[in-house]
Amino acid sequence: MTSSTFVLLGILLSSFITGSVIFFLREDQHRLRTGLNLAGAVLKILFVVVLLRGVLAGQTFDLSFTMAPGVVVALGADANSVLFVSLSSVLWFFTTLYAVGYLEDSPRRSRFFGFFSLCVTSTVGIALAANLVTFLIFYELLTISTFPLVVHRGTRKALAAGRVYLAYTVGGGTLLLFAVAWLQSISGPITFTERGALGESVASHPTQLTLIFFVFIAALGVKSALVPLHGWLPRAMVAPAPVSALLHAVAVVKAGAFGIVRLVYDVYGIETAEQLGVLRPLAVLAGFTIVYGSVRALFQDDLKKRLAFSTVSQVSYITLGTAIFGPVATLGGIVHLVHQGIMKITLFFAAGNYAETLGIHRVSEMNGVGRRMPWTTAAFTVGALGMIGIPPLAGFVSKLYLKQGAIAAGQSWVVLVLAASSLLNAAYFLPILYRSWFLPAPEAWPNARDFGRFETHWMLLLPPLFTAAAVVLAGVFADSNLSPLAWARIIAGREYGP
Amino acid sequence: MISNPQTVSSLLVAVVVLPLVAAAALAAPRVRPAVLVLAPFSALPALALALFAPSGSVVEIPWLFKHTILLLDDTGRVFLGFTGVLYVAAAWYARNYLRGDPVIVRFFIFLLLAMAGNFGLIVAGDIPTFFAAFAVMGLCSAGLVSHRIDDETRRASRLYLALTMIGEVVVLTGLSLLIVDNETTVIAELHGGGSSPIATLLVLVGFGIKAGALTLHFWLPLAHPAAPIPASAVLSGTMIKAGLLGWIRFLPLGDSAEPALGVALIAAGLGAALLGAIAGVVQANPKTVLAYSSVCQMGIIMTGLGIGAIRPDAWPEILPAVLIYTTHHALAKGALFLGIGPASGAVGRREVLIARLGMVFPALALAGAPLTSGAVAKTALKSHLVSLPEGWAWAVGLLVPIAAIGTTAMMIRVLTLVWPPRPDAEKHSTDGLWAPWLALVGAVAVGVWMLPGSLDWLLMKLSPGKIWLALWPLLAGGALAAAGNRIRRLWTVDPSRWIPPGDIGVLVGGFMARVVRDHRSPSPPEGGHEYCDESTEVETALDSAVDRFGRGLGRLEESLASWSTAGVALGVALGLLGWYLIR
């Protein structure tokens with residue numbers, strides 16, 4: 001086995017094997033399960049670091065085998081994969097830590113963590129997929145492995161949300177299969193290639209390719225929650241907080257957005273997509289989603305629902321950046337893949353802490369929570385301000401590039417969308433911050449638990465603090481060589497020809 | 001003079017970092033008392049730079065944010081000077097003013113962060129850093145405004161926050177355009193043309209909100225009085241000047257003749273000066289009067305910028321005059337705000353005498369009495385007003401004296417409102433408020449004379465004719481105020497009802513407040529700290545309309561997400577596809 005194969009397999013198996021073992025653990029084998037979980041997560045990060053260094057040094061990673069005649073499963077690592085795989089493996093580590101603390105004492109933890117690990121395995125599979133077929137396989141696996149997590153609580157509401165989730169994602173998956181088959185029937189097997197993989201079929205089948213593009217968008221739009229395909233996301237918020245984090249920041253929504261990024265840059269190629277004229281409608285759809293999600297968020301009193309609609313809006317920044325022709329906008333979209341992830345996961349961690357520690361689920365219950373849980377609320381504040389785009393936080397950097405990119409591309413309507421979105425974000429986040437920091441706390445919290453020394457369990461407290469710190473650092477040190485922006489710059493550089 | 005470049009560089013960094021460190025240190029309960037005592041000192045690097053450092057120092061930090069550049073230029077030094085003085089006084093004052101307040105720490109965190117932002121935008125040499133500092137200052141100042149949680153404060157702070165956010169979004173859009181148009185993020189490379197008119201417009205409007213330009217000013221008389229006194233002092237003294245600095249940095253002043261921009265600035269400026277004067281004299285709250293006076297004074301400064309836009313050749317001489325006026329207004333306005341506390345609580349003959357003198361002096365300065373900083377500032381700026389194009393000269397000739405009369409009347413109004421001893425005033429402790437206030441009054445006396453050229457303007461003013469020119473608006477204002485008092489007493493009218501604080505903003509503000517507030521807040525819990533402010537009918541109607549919209553949107557989405565809709569959509573899509581394939 002070559003070292004390149006070893007690293008790629010290591011990234012996949014570090015969660016697959018631990019996940020498979022965890023299924024067979026007894027409920028009371030708490031330590032072993034936690035140990036396995038964390039060991040898998042750490043191991044995965046180590047493999048990703050090796051991968052990252054390798055890709056930076058120009059080493060190529062690939063691994064492929066033929067599954068059936070004409071169906072080749074191939075893994076590889078280009079700049080895009082590395083960005084997504086690092087994001088999801090690092091966030092997975094924090095989510096695991098958080099989930100361990102969150103689900104303490106709750107039943108069926110082995111089932112939960114088993115699927116949890118499978119879910120992240122599928123996600124890194126999506127990141128590392130080197131061709132369309134492999135992408136499709138892992139994309140479907142993700143759907144299947146997430147469903148048990150969404151319905152984990154087993155309540156009627158959870159099951160209903162699960163049904164909706166399945167209806168949407170399986171529908172999207174079927175459509176994706178159809179799109180892949182159609183595309184491959186025209187262009188032959190598609191291997192992700194920087195600046196496009198369609199080759200000569202562009203000239204011969206422009207109309208069909210245009211149609212296929214929108215079928216792809218309809219398929220990928222489900223997971224990336226493009227309006228009107230977003231309906232499952234706000235309902236899925238009945239799932240436990242770590243699952244929400246997974247859905248919104250690490251895996252599912254990201255997989256959809258990443259799929260769109262792949263489609264535009266590495267299947268069609270941004271220049272081809274621009275020639276076909278498919279970018280403009282996609283940008284309009286993304287712009288509409290951004291505004292619509294924000295407006296809907298404004299009217300939610302349920303905290304997680306508000307955050308869910310905020311995700312609908314924020315994930316479309318990635319799509320928007322992708323759909324504007326020009327390296328600066330690309331940079332803004334790609335970097336938001338990371339920035340949205342770290343900001344939104346912080347918000348969901350904090351929301352989970354409020355629910356677990358004080359029983360707070362609604363925005364209207366959050367009065368004075370800042371004084372009771374200052375650190376959690378500080379993390380929440382950082383995430384929320386980042387979402388609004390207050391400098392020098394991460395969200396500002398994305399928005400700055402998106403704005404500049406739109407102006408440079410001559411699409412000034414995008415600037416209006418972004419401005420409106422910033423104001424709407426402020427309108428639904430700032431009242432929460434005002435409540436939690438300025439208004440007096442109620443005499444009693446809905447369902448308070450005491451955790452002794454810290455404001456909540458340390459395993460619940462540390463993850464949001466780390467991710468909030470990441471939001472600050474990604475913004476403050478945006479121009480350093482280690483920032484997500486620096487990596488996004490490499491990607492943007494490669495997707496546009498000289 | 002500090003000549004060592006190394007020292008200047010470290011000071012430039014310290015100007016921003018020190019308040020940040022102090023704010024962070026407040027998170028640790030153990031060091032809090034010490035930090036509260038030391039907080040005023042975190043403005044010292046700014047003062048040191050303003051007083052002792054040479055202009056032209058630059059620090060580049062490529063790995064920070066978006067390649068941060070900090071620099072000290074002549075304009076920046078002046079701004080650092082008065083801003084530093086105000087923050088020292090305000091922080092010192094706040095520590096004593098808010099003694100025993102359970103949320104004094106929160107106040108100081110916001111104050112220190114706002115301070116860092118305010119200094120940061122002055123020394124910023126690149127656009128992203130400028131904007132970051134500007135945004136941090138704006139957001140944190142909202143934290144200062146909403147310090148109390150009574151209904152009135154909440155309305156004011158909602159409005160302030162909404163306007164601040166709108167301003168920031170507009171500014172950011174304008175600055176993004178500037179970056180793309182000029183292909184640079186360095187502020188110094190912007191001048192020399194290349195800005196599109198739309199960028200100029202956005203910069204004008206965005207910073208105009210902060211500076212309280214006409215029609216965008218209405219938040220100011222509501223928000224400034226809502227804040228605790230030391231916060232009002234920095235809001236009215238320095239933060240609105242950030243809008244001015246934004247204009248100086250980003251408008252194409254001195255590059256090319258921009259008649260449209262100039263006319264816009266002059267019209268908005270004169271309008272603000274007039275409206276501020278008229279609306280200010282009738283107010284019943286001294287802080288509201290002072291806020292209107294700020295609108296009025298910023299209007300006069302805007303007029304100066306407008307002339308610069310029309311006559312780029314004169315800009316190098318206008319800028320120092322603008323800086324003199326700005327410094328004068330910042331210090332005097334700060335002193336008047338801080339004085340409200342001691343003056344309204346003064347007991348005993350000695351305290352009362354000091355309070356009266358301490359209030360009268362900055363009031364005279366603002367009114368432009370001879371030999372004060374105001375006289376110098378006015379002469380300096382007015383000497384350029386004569387160079388206006390034909391059509392505007394008469395407007396300026398008419399409106400500037402009106403503004404001067406109005407300012408005098410406003411000052412008298414403030415003095416009568418706080419004139420100690422006030423039998424009706426609830427006695428509050430003034431311990432520890434006197435020293436920072438009087439120090440600031442002292443700064444009013446000396447501040448402006450440290451700026452280059454100010455003494456020349458003073459000497460110019462000393463001829464008898466000029467003295468008369470300066471004196472008659474004072475006398476007229478005094479007569480007006482006396483007449484006003486008389487009318488008020490004779491007819492027992494309350495003129496502040498004619499023009500409510502916030503004038504045009506009362507309507508607009510009501511609307512904004514509706515949109516910004518938390519929708520669907522369920523019925524207030526017992527104890528009633530929910531939004532239960534007295535709403536006007538318009539506001540209630542808007543409220544329910546907005547809520548209906550939200551609910552309707554939700555229902556629409558529900559119905560669209562049903563199986564039948566999805567089925568029909570799928571059928572149509574498949575039909576179209578089939579038609580395409582077999583066609």
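I began with burial, and I call a residue buried if 20 or more other C-beta atoms lie within 10 Å of its own, exposed if 12 or fewer, and partly exposed in between, with C-beta atoms placed from the backbone. The model is predicted, so I kept to its rule that local features need pLDDT of at least 70 and side-chain atom pairs count only at pLDDT 80 or more, while totals for chains, interfaces and linings use all residues. Residues are numbered from 1 along each chain as its sequence is written, and chains are lettered from A and ligands numbered from 1 in the order in which they are written.

I looked up Arg195(A) and found its phi near 70 degrees, a positive value in a residue other than glycine. Arg195(A) sits in the loop between helix H6 (156–187) and helix H7 (201–204) of chain A; helices here are DSSP runs of H or I with at least four residues, strands are runs of E with at least two, and both are numbered from the N terminus. Arg195(A) counts as partly exposed because it has 15 C-beta neighbours inside 10 Å.

Ala225(A) is not a glycine either, yet I read a positive phi of about 60 degrees for it. Ala225(A) lies in the loop between H8 and H9 of chain A, and it counts as buried because 30 C-beta neighbours fall inside 10 Å. The loop between helix H8 (206–223) and helix H9 (232–235) of chain A also holds Pro228(A), which is joined to Val227(A) by a cis peptide bond with omega about 10 degrees. I noted a cis peptide bond between Pro391(A) and Pro392(A) as well, with omega about 0 degrees, and Pro392(A) is placed in the loop between helix H17 (374–388) and H18 of chain A.

**Entry: helices of chain A**

I then followed helix H1 (residues 3–23) and helix H2 (residues 30–56) of chain A, whose axes come within 8 Å and cross at roughly 170 degrees; the axes are lines fitted to C-alpha atoms over the stretch in contact, and angles run from 0 to 180 degrees between N-to-C directions. H1(A) is therefore roughly antiparallel to H2(A), a term for angles over 145 degrees. Among the residues making this contact are Val7(A), Gly10(A) and Ile11(A) of H1(A) and Leu36(A), Leu43(A) and Phe47(A) of H2(A), where contact requires C-beta atoms, placed from the backbone, to lie within 7 Å. I sorted the contact residues into eleven nonpolar, six polar and two charged, counting Ala, Val, Leu, Ile, Met, Phe, Trp, Tyr, Cys and Pro as nonpolar, Asp, Glu, Lys and Arg as charged, and the others, Gly among them, as polar.

Helix H4 (residues 109–128) of chain A has 20 residues and reaches 28 Å from its first C-alpha to its last, close to the 28 Å expected at 1.5 Å a residue; the expected span is 1.5 Å times one less than the number of residues. H4(A) is mostly covered, with 18 of its 20 residues buried.

**Entry: the strand pair of chain A**

Strand S1 (residues 62–68) and strand S2 (residues 71–76) of chain A pair in the antiparallel sense over six bridges, pairing being called when DSSP finds at least two bridges between two strands. Phe65(A) stands opposite Val73(A) in S2(A), and the bridge partner of Leu63(A) in S2(A) is Leu75(A). In this hairpin two residues lie between the strands, and Gly70(A) takes a positive phi near 85 degrees.

**Entry: Val369(A)**

I found Val369(A) in helix H16 (residues 369–372) of chain A, where Val369(A) is buried, with 26 other C-beta atoms within 10 Å. Not counting residues up to four places away in sequence, Val369(A) touches Tyr354(A), Leu358(A), Ile360(A), Thr377(A), Ser436(A) and Ala441(A).

**Entry: chain B and its contact with chain A**

For chain B I recorded 22 helices and two strands, with buried residues making up 54% of its 583 residues. The contact takes 37 residues from chain A and 38 residues from chain B. On the side of chain A that touches chain B, the elements giving two or more residues are helix H13 (279–298), helix H18 (394–408) and helix H19 (412–438), and H19(A) supplies the largest share, ten residues. The residues on that side of chain A divide into 27 nonpolar, six polar and four charged.

Terms used: Parallel < 35°, antiparallel > 145°, perpendicular 65-115°, else oblique. Contact = placed C-beta atoms within 7 Å.
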